[in-house]
Amino acid sequence: MFGKSTEELTQLGAQITTKEIKQQPDLWQEALANYQQQADQVAAFLDKVVTAANGQLVRVIFTGAGTSAYTGDTVTPYLNAHGDRAHFRFESIATTDIVSAPYDFLEADTPTVLVSFARSGNSPESVQAVALAEQIVTNLHQLTITCAPDGNLAQHAEGEAKNLVLLQPAGSNDKGFAMTGSFSCMALTALLVFDQADAATKAGYVDTITKMGREVVEREDFIQNLVDEDFDRIAYLGSGSLGGLTREAQLKVLELTAGKLATIFDTSMGFRHGPKSFVNDHTLVFDFLSNNAYTRQYDVDVMEEIKGDEIAKRVVAIGTSQDNDFSGDSFIFANGDPQLPEAYQALPDVMFAQTLALLSSVKIGNKPDTPSPTGTVNRVVKGVIIHDYTK
């Protein structure tokens with residue numbers, strides 16, 4: 001797909017999505033440059049939040065719907081270990097949860113930073129989650145990480161002293177149905193904002209994932225070989241931040257194949273507790289290997305078990321080579337770094353998953369750019385009725 005002409009891709013209904021997957025490594029460099037230009041502003045904003053908290057621990061709530069929610073699921077585990085734990089605790093709560101049951105998720109008297117992830121900024125739930133937080137939380141600051149400067153969320157934040165907007169690269173405002181560059185750029189920006197690593201270290205992480213992302217493009221044949229198998233089910237597994245990533249990985253398959261391929265996600269350790277029943281001889285099982293030596297043991301253990309059971313069509317590890325590697329099929333990043341934190345590893349990993357979903361969509365005769373043949377699932381959610389909330 002990455003080597004086809006624009007005309008060939010257009011005929012397949014895949015020109016937009018293919019381009020948007022392929023361009024992500026360049027977008028990550030742009031997102032890093034954008035952050036570096038705003039680093040002082042970001043630091044001042046966070047200092048203001050801490051000062052206003054007056055010694056209380058600040059809730060940082062990552063929120064969004066669908067892929068935007070999974071952005072929070074991916075970065076939260078890592079940041080709870082490597083963010084500023086003296087001042088912040090990080091949580092991922094979907095806007096769909098906040099809007100439907102705000103009393104369960106918003107704390108009126110707890111200092112809070114609501115971090116809204118949004119490609120368009122126009123999803124009804126995203127807009128309403130902000131409105132509810134502003135209505136309920138007394139000490140509220142907001143960080144709006146969005147790809148659309150003209151979206152409702154960005155426009156709402158305009159001129160607000162307690163709301164910092166971090167616009168993503170223009171190219172990340174995906175025009176295709178599925179979120180790809182928007183997901184990875186928003187995740188990266190959140191990491192750059194809250195990770196306590198120094199600036200040079202974070203820039204080094206971005207250089208590494210840029211090389212790894214380009215490697216996915218160069219090694220498309222490996223992924224095509226998997227898609228050529230006779231399968232109708234896909235399972236994604238992982239741990240920590242990569243466990244959060246599994247939700248986004250499986251969603252890409254569901255979206256781009258319009259549900260014609262069945263998918264499941266779970267943590268490496270959780271999979272044995274029932275969900276493993278999903279696996280049969282028409283199933284591809286993938287595990288995003290952690291670079292943490294302790295955690296990686298559990299990732300490899302479950303893969304070796306499934307391989308030994310001989311119940312799956314293929315069992316494939318995705319990650320960087322270390323002393324403890326899976327004995328079966330593996331997509332090993334030649335440009336990977338065993339010291340790369342898992343939340344950054346998630347970005348080239350998701351490019352693998354996006355590419356697999358793209359190729360699977362084409363295989364079944366679907367059009368990746370417009371994968372919903374009935375039109376009942378939309379690029380920006382429609383049909384949501386927002387109800388008034390009274391305390």
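1. Contact here means heavy atoms within 4.5 Å. The model is predicted: local features need pLDDT of at least 70, side-chain atom pairs count only at pLDDT 80 or more, and totals for chains, interfaces and linings use all residues. Residues are numbered from 1 along each chain as its sequence is written, and side-chain values use heavy atoms, with hydrogens and water left out. Helices (H or I, at least four residues) and strands (E, at least two) are DSSP runs, numbered from the N terminus.

2. Glu 310, which follows helix 13, has a positive phi, near 55°.

3. Which residues of helix 13 are buried? They are Arg 296, Asp 299, Val 300, Val 302, Met 303 and Ile 306. Seen down the axis, the buried residues of helix 13 fall within an arc of 160°, so they line one face; the arc is that of the directions from the helix axis to the C-beta atoms. Buried means under 20% relative accessible area, exposed over 50%, and partly exposed in between (1.4 Å probe, protein chains only). Strand 6 (233–238), strand 8 (283–288) and strand 9 (314–319) are among what covers the buried residues of helix 13. The face turned away from the buried side carries the exposed residues Ala 293, Tyr 294 and Gly 308.

4. Thr 263 lies in strand 7 (residues 262–267) and counts as buried at 16% relative accessibility. Its side chain is joined to that of Gln 250 by a polar contact of 2.8 Å. Apart from neighbours within four places in sequence, Thr 263 is in contact with Ile 234, Gln 250, Val 253, Leu 254 and Phe 278.

5. The second largest pocket holds about 280 Å³ of space. Of its 19 lining residues, Ala 43, Leu 46, Val 193, Asp 195 and Gln 196 are the closest to the centre. Helix 3 (24–53), helix 9 (181–194) and helix 10 (199–218) each supply at least two lining residues, and helix 3 gives the largest share, seven. On a 1 Å grid over the protein atoms alone, a pocket is an open set of points with protein on both sides within 12 Å along at least five of seven lines, a cavity is a set where a 1.4 Å probe fits but cannot get out, and lining residues have an atom within 4 Å of a point. Points are joined across faces, edges and corners, and a volume is the space filled by probe spheres set on them.

6. There is one cavity of 30 Å³ or more. The largest cavity has about 60 Å³ of space. Its lining includes Tyr 35, Gln 38, Leu 166 and Thr 189. Helix 3 and strand 5 (163–167) each give two or more lining residues; the largest share, four residues, comes from helix 3.

Key:
Polar contact = N/O pair within 3.5 Å; in protein donor to acceptor, adjacent residues only side chain to side chain.
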